[in-house]
Amino acid sequence: MNRLPFFLVLALLSACVTGPSAPAAKSAIPQSQAEEAAIASLVQQVESKKSDYRITNADLIRITVLGEEDMSREVRVSQNGTITYPLIGSVAVGGLSTSQAEAAIAAKLGDYLRGAQVTVFIKEYGNKKVFVFVFF
């Protein structure tokens, strides 16, 4: 007599556990696709923001010239938006995107190196102002 309520409770609990999981499995596929679409959208936004970034003063940039390891440097952009680089002197990179800065440096290096392939990587972002407002 004591075992009958136990088996009834066990049967009800097993029905509760197995019942909702079947419909949830069917809806997991569209939810998974929605999550993948959301992630893809966020990645696209990050990529577009990265390409929209303009070099500013106090940024630390890494310049690499393919095949010329002696020409690779880490330089900080001056307050007037220029960098000083060996052989070519001062180069204005402030306000340029990384691809535009690569082209400007490669063009100036063209007098010394044939077909210079330049890569610019922003290692540190400088002078980013953050405002914190506190209300009491």
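# Predicted chain: strands, packing and phi values

Strand β3 (residues 82-85) pairs with β4 in the antiparallel sense over 4 bridges. Helices (H or I, at least four residues) and strands (E, at least two) are DSSP runs numbered from the N terminus, and two strands pair if DSSP finds at least two bridges between them. This is a predicted model, in which local features need pLDDT of at least 70 and side-chain atom pairs count only at pLDDT 80 or more, while totals for chains, interfaces and linings use all residues. Residues are numbered from 1 along each chain as its sequence is written, and side-chain values use heavy atoms, with hydrogens and water left out.

**Chain overview**

- The protein chain has 2 helices and 5 strands, in the order α-β-β-β-β-α-β from the N terminus.
- Of its 136 residues, 22% count as buried (under 20% relative accessible area; exposed is over 50%, partly exposed in between; 1.4 Å probe, protein chains only).
- Among contacts (heavy atoms within 4.5 Å) with a separation of 6 or more, residues 24 or more positions apart account for 44%.

**Hairpin β3-β4**

- β3 and β4 form a hairpin with 3 residues between them.
- Within this pairing, Thr84 has Ser90 in β4 as its bridge partner.
- Leu87 lies in the loop between β3 and β4 and is partly exposed, because its relative accessibility is 49%.
- The phi of Leu87 is near 75°, a positive value in a residue other than glycine.
- Most residues other than glycine have a negative phi.

- An open sheet of 3 strands has the order β2-β1-β5, with antiparallel pairing.
- Its edge strands are β2 (73-76) and β5 (118-124), each of which pairs on one side only.
- From one strand to the next, the twist averages 25° (axes are lines fitted to C-alpha atoms, for helices over the stretch in contact, and angles run from 0 to 180 degrees between N-to-C directions).
- Strand β1 (residues 60-65) and β2 are joined by 4 bridges in the antiparallel sense; Arg62 has Glu74 in β2 as its bridge partner.
- Helix α2 lies across β1 and β5 and runs at about 130° to β5.

**Ile105 in α2**

- Ile105 is found in helix α2 (residues 98-109) and counts as buried because its relative accessibility is 1%.
- Not counting residues up to four places away in sequence, Ile105 touches Ile63, Ile83, Ile88, Val91, Val118 and Val120.

**Loop between α1 and β1**

- Ile55 lies in this loop, and a relative accessibility of 1% makes Ile55 buried.
- Leaving out residues up to four places away in sequence, the residues that Ile55 touches include Val77, Val93, Leu96, Ser97, Ala101, Val120 and Ile122.
- Ile55 and Gly126 are 71 residues apart along the chain, and their C-alpha atoms are separated by 9.2 Å.
- Ala58 is in the loop between α1 and β1 as well; Ala58 is buried, with a relative accessible area of 13%.
- Ala58 is not a glycine, yet has a positive phi of about 75°.

**Aromatic pair**

- The count comes to 1 aromatic pair (rings of Phe, Tyr and Trp, the last by its six-membered ring, with centres within 6.5 Å; planes under 30 degrees apart are stacked, over 60 edge-to-face, the rest tilted).
- The rings of Tyr53 and Tyr125 have centres 4.9 Å apart and planes at 85°, so the pair is edge-to-face.
- Tyr53 sits in the loop between α1 (3-52) and β1, and Tyr125 in the segment after β5, so that the pair links distant parts of the chain, 72 residues apart.
- Tyr53 is buried, with a relative accessible area of 17%.

- Ser97 is found in the loop between β4 (89-92) and α2 and is buried at 6% relative accessibility.
- The side chains of Ser97 and Ser99 are joined by a polar contact of 3.2 Å (a pair of N or O atoms within 3.5 Å; within protein, one must be able to donate a hydrogen and the other to accept it, and residues adjacent in sequence count only if both atoms are side-chain atoms).
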